[in-house]
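Please look at the following structure with its sequence at hand.

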Amino acid sequence: MAVTNLTIPICHTPADMTQWTGRAEPFETARARYWYQLAQLYEAQHIGLIGFACDQGVRRNQGRVGARAAPSLIRRAFATLPVIADLQQRFDSQLSTLLGDAGDIHCDDNDGFADSILEQAQIKYADAVSTIVKQGGLPIGLGGGHAIAYGSFLGLWQALEKANDTTISTSAAPTIGIINFDAHLDIRQSDVATSGTPFRQIAEHLDAHDQPFHYCCIGVSRFSNTAALFDRAEQLGVQVISDEDCHYQPWDTIAEQVKSFIDQVDIIYLTIDMDCLPSSVVPGVSAPAAFGIELGFVERMVKLIVSSGKVKMADIAEINPTFDVDSRSCKVAARLLATIVEQHLLVT
Ligand SMILES: N=CN[C@@H](CCC(=O)O)C(=O)O
Ligand SMILES: [Mn+2]
Ligand SMILES: [Mn+2]
């Protein structure tokens with residue numbers, strides 16, 4: 001009898017804990033700890049990892065697909081990193097409460113399914129994000145293409161829904177600030193959602209709810225955005241910090257700009273599009289950057305932002321393993337993930 005292999009286009013698969021492996025060190029002290037030893041199935045830990053295994057937005061944006069394979073590879077690279085001494089001391093007997101893995105939202109989009117498949121994936125992912133926020137955790141999304149950003153925002157929004165309901169009280173609504181490290185502004189005008197539209201969609205969502213749009217984009221390249229996009233950024237009041245500013249301006253100048261952005265908002269959604277980094281450092285992305293901003297700068301800035309204690313949602317997007325070299329890009333993504341995790345837990 002013939003067996004029909006039915007693919008489910010959108011599904012939320014539970015965490016595959018076999019991905020959490022690393023070296024065993026039976027002759028070392030207990031402090032030879034790695035993240036693979038701390039990760040648990042998600043159950044309201046301080047941090048919840050949630051994958052968005054979807055690159056339909058990249059496909060719609062005429063880009064190079066492949067990013068949907070990234071979440072599990074970023075996890076695997078992160079799993080092998082050591083847990084810093086400060087965290088081990090601070091959490092001591094509670095190390096099992098630090099990191100939960102909430103699995104992946106898959107968007108299998110090769111077989112001509114309905115056009116709304118990306119939107120369905122974003123909604124399913126947003127539900128998972130919202131659950132983690134409501135349970136008091138920090139969700140960290142692992143993309144996938146940068147269409148993850150609209151899902152991340154929606155999830156955060158849903159979790160804050162009561163406060164955002166203007167019929168209850170406008171004064172209770174927290175002001176959300178978005179900080180995006182990206183060569184691209186991602187505010188494209190389009191008839192469909194893509195990886196190039198998420199922040200324009202967020203601006204429209206906020207406008208429809210009478211809420212302000214606070215968006216700071218760091219690492220923007222004048223060679224990767226049209227004049228039309230810069231015009232829209234100005235209309236929307238986007239704080240644009242260019243790749244050249246990051247390179248040529250003193251650290252203090254840029255840090256002051258970012259700090260004053262942080263001061264204006266109550267909570268922050270932090271998103272890192274890995275194409276903010278030079279393609280020599282991160283070759284495995286959908287749209288490689290010729291110039292890019294330095295990894296040391298991004299890490300230092302991420303520490304500054306997360307140490308504010310205001311980050312309630314974070315994600316890492318656009319890694320495309322198809323174009324990676326010796327897992328270099330996944331390793332850089334894992335390092336940034338570890339930076340967010342460590343810094344968040346230290347301010348918790
Ligand atoms: N996520 C954003 N992607 C870029 C892609 C640019 C390109 O394909 O060169 C954007 O839309 O601007
Ligand atoms: Mn980009
Ligand atoms: Mn982007």
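Gln62 lies in the loop between α2 (56–60) and α3, where helices (H or I, at least four residues) and strands (E, at least two) are DSSP runs numbered from the N terminus. This is a predicted model, in which local features need pLDDT of at least 70 and side-chain atom pairs count only at pLDDT 80 or more, while totals for chains, interfaces and linings use all residues. Residues are numbered from 1 along each chain as its sequence is written, and chains are lettered from A and ligands numbered from 1 in the order in which they are written.

The phi of Gln62 is near 65 degrees, which is a positive value in a residue other than glycine. Gln62 counts as exposed because it has 9 C-beta neighbours inside 10 Å; a residue is buried if 20 or more other C-beta atoms lie within 10 Å of its own, exposed if 12 or fewer, and partly exposed in between, with C-beta atoms placed from the backbone. Asp326, in the loop between β10 (311–317) and α13, also has a positive phi without being glycine, here near 55 degrees. Asp326 is exposed, since 9 other C-beta atoms lie within 10 Å.

## Helices α3 and α13

Helix α3 (residues 70–79) packs with helix α13 (residues 328–347) at an angle of about 65 degrees, and their axes are 8 Å apart. Axes are lines fitted to C-alpha atoms, for helices over the stretch in contact, and angles run from 0 to 180 degrees between N-to-C directions. The two helices α3 and α13 are therefore roughly perpendicular to each other, given that angles under 35 degrees count as roughly parallel, over 145 as roughly antiparallel, 65 to 115 as roughly perpendicular and the rest as oblique.

On the α3 side the contact is made by Leu73, Ile74, Ala77 and Phe78, and on the α13 side by Cys330, Lys331, Ala333, Ala334, Leu337 and Ala338, where two residues are in contact if their C-beta atoms, placed from the backbone, lie within 7 Å. Sorted by class, the contact of α3 with α13 has nine nonpolar residues, no polar ones and one charged residue; Ala, Val, Leu, Ile, Met, Phe, Trp, Tyr, Cys and Pro count as nonpolar, Asp, Glu, Lys and Arg as charged, and the others, Gly among them, as polar.

## Helices α11 and α12

Helix α12 (residues 295–306) packs with α11 at an angle of about 30 degrees, with 10 Å between their axes, and α11 and α12 are therefore roughly parallel to each other. Their contact is formed by Ala255, Val258 and Ile262 of α11 together with Met301, Leu304 and Ile305 of α12. By class, this contact of α11 with α12 has six nonpolar residues, no polar and no charged ones.

Asp263 belongs to helix α11 (residues 251–263) and is exposed, with 10 other C-beta atoms within 10 Å.

Helix α5 (residues 117–134) has 18 residues and reaches 26 Å from its first C-alpha to its last, close to the 26 Å expected at 1.5 Å a residue; the expected span is 1.5 Å times one less than the number of residues. Among the buried residues of α5 are Leu118, Ala121, Tyr125 and Val129. Just after α5, Gly136 takes a positive phi of about 90 degrees.

The peptide bond from Gly143 to Gly144 is cis, with omega near 10 degrees, and Gly144 is found in the loop between β5 (138–143) and α6 (148–159).
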